[in-house]
Amino acid sequence: MYALTRIYSLEYTNGVESVFEVIAEPNRRAILSLLVSSQQSVGEIERRLRMPQPTVSKHLRVLREAGFVESTVDAQRRLYRLKPQPLQEVDAWLAPFRRFWSAHLDALERHLDRGDPSAPTKKKTRAGRRGPNRERAKGETK
């Protein structure tokens, strides 16, 4: 049973590594960001990201082979859209880190809410709140 667990773990880890390898490339992340809102053709991606067509096609091929995008043919155009599965795997991998940071940020928030009585406090003065264009009140001096 231990061997099977190690095999599964290794396969899962290799899959996650490949997902991170794919999204490590900035142009691929930019393409994925475009596809979040709607499906796009290669030409639309070229124009919006100002990348040459061969570069866009190369990155789309990598994204398609990794399962991040899928394409459909619409007349003479090939439209690409996002597939959520690989991103869900990344999200699942990140979940423990979110819990870790959430707990630490919650502790920081509690600490800040309690306040530190030994820390000097700076009180705002009326002049400190005045903007550069605010008129002075009657009797107020510079």
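These legends go with close-up views of a predicted model. Local features need pLDDT of at least 70 and side-chain atom pairs count only at pLDDT 80 or more, while totals for chains, interfaces and linings use all residues. Numbering runs from 1 along each chain as its sequence is written, and side-chain values use heavy atoms, with hydrogens and water left out.

**View 1. The open sheet, with 3 strands in the order β1-β3-β2.** The pairing is antiparallel. β1 and β2 sit at the edges with a single partner strand each, so one side of each has no neighbour in the sheet. Strands here are DSSP runs (E, at least two residues; helices are H or I, at least four), numbered from the N terminus, and two strands pair if DSSP finds at least two bridges between them.

**View 2. Where β1 meets β3.** Here 2 bridges link β1 (residues 40–41) to β3 (residues 77–82). Look for Gln 40, with Tyr 80 of β3 opposite.

**View 3. The β2–β3 hairpin.** β2 (residues 69–74) is joined to β3 by 6 bridges, and Val 73 faces Arg 78 across the pair. There are 2 residues between the strands, and Ala 75 in the turn has a positive phi of about 60 degrees.

**View 4. Helix α4, residues 53–65.** Val 56, His 59, Leu 60 and Leu 63 are its buried residues (under 20% relative accessible area; exposed is over 50%, partly exposed in between; 1.4 Å probe, protein chains only). Down the axis they fall within an arc of 105 degrees (taken from the directions from the helix axis to the C-beta atoms), so they line one face of α4. The face turned away from that buried side carries exposed Pro 54 and Glu 65. Just after α4, Gly 67 has a positive phi of about 90 degrees.

Note on methods. The expected span of a helix is 1.5 Å times one less than its number of residues.
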